[in-house]
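Let's walk through this one together, starting with one chain as a whole and then zooming in on a piece of another. Have the structure open as you read.

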Amino acid sequence: MLTLTVDFARRFARNRAALVGFVLVVVVIGVAVAAPWMFPRNPLRIVGRPEIWPFVNPRYPLGTDSLGRDIAAMIAYGARTTLLIGLCASLTATIIGITVGATAAYFGGWVDEVLMRFTELFQTIPNLIFVLTIVSILGQKIEYVTIAVGIVSWNPIARLTRAEFLSLRDREFVQACRAMGMGNLRIMFGEILPNALPPVIVLSSLVIAGAVLFESAVSFLGLGDPNVSSWGRLIGDGRTLIRTSWYICAVPGVAIMLTVLALNLVGDGLNDALNPKLRDR
Amino acid sequence: MNRFSRRDFLMTSAGAALATRLIDPARADVEAPKRGGTLIATWGGLEPQSLFVPAGGGSSPYFTSTKVHERLLRFTVDLKFEPVLALEIKPAADFRSYTIKLRDGVTWHDGKPFTADDVVFNVMEYWKPISAGVSLDALESAEATDPLTVVLKFKAPVPEFFLKSVLAGKSGLIIPKHIYAGSNIITNPINNTPVGTGPFKVKEWVRGSHVEYLRNDKYWNPSLPYLDRLVIRWWRDPASRSAAFEAGQLDIGTFNPIPIPDIDRLAKGGKIIAETKGYSNSAWVATIEFNQRREIFNKREVRQALMQAIDRQFIADTIFFGRAQPSVGAIHSSNSIFFTKDVQDYPFDSKKAAKLLDAAGYPVKGGSRFKLNLVSAGWFEENEKIGQYIKQAFEDIDITVDLVVPDRATSLKRIYTDYDYDVAISNNSGSVELIPSTTEFYTTDGIVKGAAFRNATGYSNPKLDEVVARMAVETDERKRIALAGDFDRLASSEAPLLPLVDLEPVTIARSDVRNHSTTADFMGESWAELWLDR
């Protein structure tokens with residue numbers, strides 16, 4: 001097991017960009033975890049004069065927004081929101097996607113037909129509009145945003161899982177399992193899934209990046225949860241001042257850009273590390 | 001004297017010309033108005049639910065419908081009445097009947113003549129039951145004595161200023177009898193393509209974008225309107241309106257169309273001006289409303305405590321960048337007739353607020369006194385910031401606050417139809433006359449489920465109703481002012497809903513747009529006299 005992990009890490013690290021991405025993700029996670037120690041007060045508290053530029057007042061290193069809230073604190077707490085939504089949405093999407101994809105491929109026939117048409121139905125709806133619709137129906141709560149992002153992001157995972165399952169379900173080891181009298185569920189999740197998982201994990205990591213962008217878009221449009229600090233909301237709040245105090249938009253914008261970039265790089269690295277065909281490249 | 005060179009002379013006269021324009025841009029039209037051109041206009045809000053909303057519906061439909069529907073009178077900047085469709089309105093000696101003489105030769109956009117029958121229909125079928133509500137309670141009958149004369153009869157004396165304000169106000173729009181008779185006025189589909197007597201005819205409404213009006217060539221004043229075409233376009237956010245001004249895609253925007261920090265930047269070049277006139281009869285406020293259907297907010301002590309927890313100077317200075325001031329009482333401070341300072345005030349003092357809540361029976365238990373839902377109406381950007389600030393202010397006195405900022409439609413529904421809020425942040429604009437635009441937020445008969453911008457708190461107090469009822473029939477102006485003071489004092493100390501800050505709205509216009517902001521409620525004016533110097 002240990003050698004396997006070391007091996008994996010070595011292959012991951014061979015991709016330098018992925019390593020940079022990984023470091024960035026670790027930094028973002030670190031900031032998110034440390035937020036309550038770095039900024040013990042509620043990040044949405046008005047603490048100073050509005051529109052203090054970054055690097056002017058050492059107490060507010062990234063400046064204050066139009067109400068006089070500390071941007072650094074909002075960025076730190078925003079990282080929590082962003083990561084939480086990203087992870088949970090990705091988890092939701094992966095669970096739905098794997099279930100649908102695996103069931104469709106394993107059973108085939110009319111089950112496959114119905115589930116794939118259902119997947120295509122979701123594919124044809126523009127994602128952002130679907131997210132906005134769900135949020136405006138359910139309400140402006142962070143849980144609902146997460147669910148909405150999960151619901152629009154599962155279909156590529158379902159299709160990928162289905163493709164992997166299709167290539168695996170008739171292999172000898174599966175037939176052996178059948179011959180031994182294993183149940184369907186056990187074969188699906190105990191035997192086939194571990195073999196199908198690597199590409200799905202790569203895709204899930206990209207779904208996190210997508211979820212971060214969705215959350216930002218929803219908050220930017222003012223449909224996010226106003227009770228929590230989020231990067232997208234900060235951009236949305238700052239956009240009326242973009243001609244005079246552009247940093248209010250720029251600071252969280254850079255944060256979103258770096259995080260999404262880092263997640264994509266990590267996804268690439270995972271692909272390199274998990275894809276057996278690339279193992280000895 | 002001989003040292004006074006030609007250059008100096010030119011400088012001073014140019015300076016003087018510039019100065020006149022800066023001081024009074026609306027009066028800079030001593031030159032003859034020019035005909036023609038297309039004006040692109042907007043306001044600091046979003047698209048209306050319908051171009052004309054008979055029961056009110058806020059400023060957005062008011063803005064779009066008043067270019068088509070006219071009124072009998074209008075209100076000038078210095079609070080005098082001017083004739084529009086009526087030539088003269090005279091009270092009888094006992095103030096129990098009024099005779100209205102109508103303008104001759106007015107036709108509807110579809111060519112039918114405008115007559116006294118139309119006015120009778122409006123008074124009895126539209127104003128009294130739908131738009132004016134309580135203000136025409138005393139009305140007994142309306143009768144057309146000849147095609148151009150209408151006599152209104154009342155059960156009780158009706159003050160002249162009050163009646164004229166109603167006729168010149170938001171509820172006094174005149175709609176065609178031949179189109180609306182026999183139908184449900186509120187749901188008639190014609191409300192999306194209204195037909196009126198006004199200077200502009202609706203050409204088309206492209207939803208999500210704009211409404212286009214064409215000049216009414218058969219307008220009763222043959223020299224008006226000056227414009228050929230009027231387009232009201234909606235932008236979703238203030239920053240893009242600001243960009244539209246700079247790109248020359250927008251000529252005039254009423255009611256704070258652009259971010260306040262941008263005003264000085266745009267006005268600096270001289271090509272764009274900022275005008276604060278034209279709002280005296282639609283005095284805007286941001287309000288806080290306490291839902292009386294909730295046990296906690298039904299207690300006056302709680303409402304008073306919460307009022308005291310809010311630093312209104314902060315809202316005025318930081319959120320409105322100084323273009324607002326803390327409200328005093330229930331009446332806007334720009335109301336030169338009825339405003340009074342002699343009311344209960346709520347100076348910011350969170351310690352005292354906390355003590356008041358302790359005394360009212362809501363001590364801190366487990367870190368919180370109670371939890372409330374704060375609904376901040378999402379139609380203005382500033383409301384979200386007010387919501388965020390008030391959340392913090394309440395949390396400072398250990399109240400747990402769950403803030404939501406729904407979009408326009410959802411906000412209207414939650415606050416005015418479903419009453420689904422504990423505390424709400426909303427806005428309204430009142431006329432100089434207090435009945436009904438200000439009083440209907442407090443009186444029992446203002447509780448109309450589904451009617452936007454009325455009494456949504458459910459507050460009901462027979463004493464306050466009584467004061468308003470007496471004011472409605474008092475014909476002596478001085479006594480009316482005294483009654484208005486009584487109303488204001490009651491409303492302020494009861495605080496079911498109170499203005500937080502009085503807004504000072506700004507109209508932004510290109511300097512070649514002339515003759516605007518000339519009446520007491522310019523946004524709701526027909527804009528016939530506006531012209532372009534191009």
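In chain A, buried residues account for 46% of the 281 residues; a residue is called buried if 20 or more other C-beta atoms, placed from the backbone, lie within 10 Å of its own. Keep in mind that this is a predicted model, where local features need pLDDT of at least 70, side-chain atom pairs count only at pLDDT 80 or more, and totals for chains, interfaces and linings use all residues. For finding your way around, residues are numbered from 1 along each chain as its sequence is written, while chains are lettered from A and ligands numbered from 1 in the order in which they are written.

Chain A has 10 helices and 0 strands, with helices (H or I, at least four residues) and strands (E, at least two) taken as DSSP runs numbered from the N terminus. Its C-alpha trace spans about 75 × 45 × 30 Å along the principal axes. Take the contacts between residues at least 6 apart in sequence: 69% of them join residues at least 24 apart. A contact here means C-beta atoms, placed from the backbone, within 7 Å.

Now hop over to chain B and find strand S15 (residues 371-376), which pairs in the parallel sense with strand S16 (residues 400-404) over 5 bridges; pairing takes at least two DSSP bridges between the strands. Here B:Asn373 sits opposite B:Asp402 of S16(B). S15(B) also runs parallel to strand S17 (residues 423-430) of chain B, joined by 3 bridges, and B:Leu374 has B:Val423 as its bridge partner in S17(B).

Conventions. A residue is buried if 20 or more other C-beta atoms lie within 10 Å of its own, exposed if 12 or fewer, and partly exposed in between; C-beta atoms are placed from the backbone. Two residues are in contact if their C-beta atoms, placed from the backbone, lie within 7 Å.
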